[in-house]
Amino acid sequence: MSEKGPDQQKKDVELGMNREITRRDFLNGVAMGTGAALLGSSLGASQLLAAGALDEYAPEKSLDYYPPARMGMRGNHDGSFRVAHRMRDGASADSLGEPLRTGETYDLVVVGGGISGLAAAYRFRQKTGKAARILILDNHDDFGGHAKRNEFQAGGRMVLSYGGTQSIESPGRYSAEARALLEEIGIETKKFYKAYDTKLYANRGTAAFFDKETFGEDRLITGMNTTPWPDFLAKAPLSDAVKKDIARVYTEKVDYLPGLSREQKIATLSKISYADYLTKHCKLVPEALPFFQTFTHDLFCVGIESVPSYLCYEAGDDYGSFTYPGFAGLGLPEHEKEEPYIFHFPDGNASIARLLVSSLIPEAVPGTSMEDVVTARANYAKLDDAANPVRLRLNSTVVNVQHVGAKDSAKEVEVSYMRGGKQNVVKGKYCVLACYNVMIPYICPELPEAQKESLAYLVKAPLVYTHVALRNWTSFDKLGIRQIVAPGGYHTYTTLDFPVSLGKYEFPSKPEEPAVLFMLRTPCKPGLPVRDQNRAGRYELMQTPYSTFERKIREQLARMLGGAEFDPARDIEGITVNRWAHGYAFTPFGLDLPDWKRGEEPWVLGRKPFGRIGIANSDSGASAYTDAAIDQAYRAVGEILAAHS
Ligand SMILES: Cc1cc2nc3c(=O)[nH]c(=O)nc-3n(C[C@H](O)[C@H](O)[C@H](O)COP(=O)(O)OP(=O)(O)OC[C@H]3O[C@@H](n4cnc5c(N)ncnc54)[C@H](O)[C@@H]3O)c2cc1C
């Protein structure tokens with residue numbers, strides 16, 4: 001018998017909680033069977049095993065192994081972190097099972113199959129030759145790290161979206177090496193000027209959703225950032241004093257830091273949170289702060305009480321949805337004109353990861369151009385093939401990395417990883433750790449203690465990129481909007497996907513067509529230091545089952561869009577919750593940071609090469625961007641090769 005009361009059961013039916021489409025997460029991280037029906041081969045499993053084409057646990061060889069189409073809880077999906085968390089909780093590699101020496105030897109073993117790990121493999125091959133034998137290991141069921149692909153079937157067609165890394169941001173600012181890599185794998189950023197439809201949403205604006213838990217009443221108000229603020233706020237469930245004050249800070253052009261030089265203003269803004277700046281300098285009534293509280297979540301994963309106001313000034317209105325008032329009268333320099341935010345593949349930067357894999361293992365991702373990669377179906381059975389010099393092994397968590405013999409004279413590094421419950425050991429002449437830097441102290445015990453401490457400092461910020469496939473987007477069309485800011489919502493920002501058509505992929509540009517919605521959630525705990533907020537947010541994420549997410553998503557969409565005939569039970573065709581418990585790389589922006597000497601920052605000390613082991617990942621650049629992942633990979637490869645040439 002159901003434990004739910006009749007009211008809850010009725011509500012669940014109205015929300016569509018009974019619909020089958022969202023239940024596919026049971027497959028996440030679970031072995032899907034091996035056997036003779038694999039690889040389309042006439043060989044039996046034992047012959048495949050003997051041929052090295054199949055190990056006992058080889059879900060990737062199954063014909064239906066296709067992670068981009070999995071829905072439910074993705075990102076750091078169930079199963080991917082079980083081993084890592086055992087190590088965090090004190091298990092040593094030795095305690096995880098008898099190591100099996102596979103006899104495999106490589107020129108390079110890379111830990112982490114994100115953009116940094118893939119770029120490290122790419123660079124190593126560029127420097128040492130195409131015959132270089134490389135193994136890339138990753139604990140997830142798909143490659144790309146944060147740069148993952150989400151694929152949906154909705155309205156009888158495929159609609160694409162991104163699981164994490166969204167766009168190539170400001171490619172003009174990429175280092176020469178990172179830019180060259182993009183070009184070498186076939187990406188011409190100028191093509192996005194044509195691929196991105198800048199007209200589609202031109203007349204569709206932003207709405208704000210005021211929720212009853214925070215503002216006393218549910219109300220969706222359109223025209224944010226386009227209607228004059230007093231008129232826009234007139235309909236908001238806010239007191240007259242609050243409405244008046246928010247409109248004031250948005251419209252008056254006052255120097256709130258009078259008597260200070262430009263440099264002094266910048267210094268002041270850098271030392272004070274945006275919340276304090278609004279209340280102490282702009283004299284905003286504190287009751288108005290909930291409207292702004294989560295504006296900073298998208299970029300910083302914490303609220304306005306933790307973000308220096310200078311960074312809000314710098315963010316300006318680049319994203320068109322969160323505009324930060326209070327700076328117009330300060331006389332600070334105009335913002336440098338950024339490149340437009342249009343460098344977006346339909347599956348985000350997963351296309352970069354897929355093009356990198358295509359260049360390393362051509363059979364695994366067919367096609368060579370930035371156009372044909374968009375619709376290419378990756379063949380996961382080919383990722384780890386003994387016949388190829390480069391192999392990518394998924395579902396494999398590295399638990400130990402150690403020089404064979406003394407670090408300074410060693411010729412090889414042993415790398416142990418858990419896969420299918422067993423511990424395997426391979427050897428490499430070199431190893432690049434392109435994994436989460438905080439994991440390195442657990443898997444590389446021979447590192448000096450001070451270096452381990454530096455690595456452990458680099459706590460990542462948690463965030464959730466939820467994608468919801470809709471039967472159509474007529475409700476958005478009726479409201480004349482493309483996005484909704486929901487300052488108190490479970491998901492604080494919702495938007496229609498980027499309108500990009502590339503190669504054979506056509507963006508669903510008619511409201512009657514299916515669409516993918518993006519929803520952002522960044523759990524944190526205001527009042528704590530930033531890294532503790534990140535830890536608390538991660539804890540919350542790990543405690544929240546998919547069913548809670550699903551109910552919250554359906555409820556919120558119904559509450560926001562119900563007035564425009566949106567029906568969650570009818571209109572939702574798929575949900576993917578990309579849970580990045582370990583999300584953005586640690587970035588030094590908080591107001592509580594130590595005053596490190598240049599060169600002694602934890603990410604700089606942490607990334608020092610150690611014998612034949614190099615350290616990459618965007619963490620080691622303290623920058624949550626794709627170019628950092630590439631730059632750090634190139635540095636790490638350069639360092640280990642230079643030391644041993
Ligand atoms: C939600 C989100 C959105 C983003 N959007 C953008 C954007 O729009 N533009 C942009 O430029 N940047 C963006 N970033 C940042 C960007 O994703 C990263 O800088 C970059 O992709 C990180 O690549 P990486 O290889 O360094 O790390 P990751 O992508 O994290 O890859 C590291 C891999 O190593 C694996 N690993 C960890 N430990 C082990 C182990 N012990 N054994 C095996 N494998 C292990 C991890 O699971 C992971 O798969 C975003 C990040 C997130 C989280």
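**Close-up views of a predicted model: ligand and aromatic rings**

View 1. An oxygen atom of the ligand lies 2.8 Å from a polar backbone atom of Ser618. A polar contact is a pair of N or O atoms within 3.5 Å; within protein, one must be able to donate a hydrogen and the other to accept it, and residues adjacent in sequence count only if both atoms are side-chain atoms. An oxygen atom of the ligand is also 3.1 Å from an N or O atom in the side chain of Asn617. For Ile115, the distance from a ligand oxygen atom to a polar backbone atom is 3.2 Å. The protein covers 98% of the 990 Å² of accessible area that the ligand has on its own (Shrake-Rupley method, 1.4 Å probe; for residues, only the protein chains shown count as cover).

The model is predicted: local features need pLDDT of at least 70, side-chain atom pairs count only at pLDDT 80 or more, and totals for chains, interfaces and linings use all residues. Residues are numbered from 1 along each chain as its sequence is written, and side-chain values use heavy atoms, with hydrogens and water left out.

**View 2. The shell around the ligand.** Of the 34 residues around the ligand, Asp138, Asn139, Thr165, Ser618 and Thr626 come nearest (a residue is near if one of its heavy atoms lies within 4 Å). Strand S16 gives the largest share of the shell, three residues. Helices (H or I, at least four residues) and strands (E, at least two) are DSSP runs, numbered from the N terminus.

**View 3. Tyr66 and Tyr380, an edge-to-face pair.** The structure holds 37 aromatic pairs. Rings of Phe, Tyr and Trp (its six-membered ring) pair if their centres lie within 6.5 Å; planes under 30 degrees apart count as stacked, over 60 as edge-to-face and the rest as tilted. Tyr66 and Tyr380 sit 6.0 Å apart centre to centre, with 80° between the planes. Tyr66 is in the loop between helix H2 (45-50) and strand S1 (72-75), and Tyr380 in the loop between helix H16 (372-375) and strand S8 (390-393), so the pair ties together parts 314 residues apart in sequence. Both Tyr66 and Tyr380 are buried (under 20% relative accessible area; exposed is over 50%, partly exposed in between; 1.4 Å probe, protein chains only).

**View 4. Tyr457 and Phe586, an edge-to-face pair.** The Tyr457 and Phe586 rings are 5.4 Å apart centre to centre, with 85° between the planes. Tyr457 and Phe586 are 129 residues apart. Both are buried.

**View 5. Arginines over tyrosine faces.** Arg521 lies over the face of Tyr490, 3.8 Å from the ring centre. Arg612 lies over the face of Tyr430, 5.1 Å from the ring centre. A charge sits over a ring if NZ of Lys or CZ of Arg is within 6 Å of the ring centre and within 35 degrees of the ring normal.
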